[in-house]
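Trainee: I would like to learn how to read charged pairs, surface patches and helices in a model. Could we go through one together?

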Amino acid sequence: MKLFVSKYLKYIVLVCAAAAMIFGIYRGEAETVFRKAAAICMECIGIG
């Protein structure tokens, strides 16, 4: 059992993370994240 967990766990986590990213992009969350990141960055350097 330990061999299975250590051998395949990283691939299972990778597939789950990729699925979550694809789902977020499908819902349009990428644009929201980039917009908020740009606003925070502008505030940090004193422009926004």
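Trainee: Which residue forms a salt bridge with E31?

Mentor: This is a predicted model, and in it the partner of E31 is R35, with the closest N and O atoms 2.9 Å apart.

Trainee: Why can those two side chains meet?

Mentor: The general idea first. An α-helix has 3.6 residues a turn, so residues three or four places apart point the same way. Here E31 and R35 both lie in helix α2, residues 29-45, and because they are four residues apart, about one helical turn separates them.

Trainee: Is E31 buried or exposed?

Mentor: E31 is exposed, at a relative accessible area of 55%.

Trainee: How many salt bridges does the structure hold?

Mentor: Two. The other one joins E29 to R27, where the closest N and O atoms are 3.6 Å apart. A pair is counted when those atoms lie within 4 Å. R27 is exposed, with 53% relative accessibility, while E29 is partly exposed at 34%.

Trainee: Which residues make the nonpolar surface patch?

Mentor: V5, Y8, L9, Y11, I12, V13 and L14 make it, and the patch amounts to about 660 Å². A patch residue needs over 30% relative accessible area. L9, at 44%, counts as partly exposed.

Trainee: And what share of the protein's residues is buried?

Mentor: Of the 48 residues, 2% are buried, and buried here means under 20% relative accessible area.

How values were computed:
Residues are numbered from 1 along each chain as its sequence is written. This is a predicted model: local features need pLDDT of at least 70, side-chain atom pairs count only at pLDDT 80 or more; totals for chains, interfaces and linings use all residues. Side-chain values use heavy atoms; hydrogens and water are left out. A salt bridge is a side-chain nitrogen of Lys or Arg within 4 Å of a carboxyl oxygen of Asp or Glu. Buried means under 20% relative accessible area, exposed over 50%, partly exposed in between (1.4 Å probe, protein chains only). Helices (H or I, at least four residues) and strands (E, at least two) are DSSP runs, numbered from the N terminus. Patches are made of residues with over 30% relative accessible area and no salt bridge: like charges are joined within 9 Å, nonpolar side chains (Val, Leu, Ile, Met, Phe, Trp, Tyr) within 5 Å. Accessible areas come from the Shrake-Rupley method with a 1.4 Å probe; for residues, only the protein chains shown count as cover.
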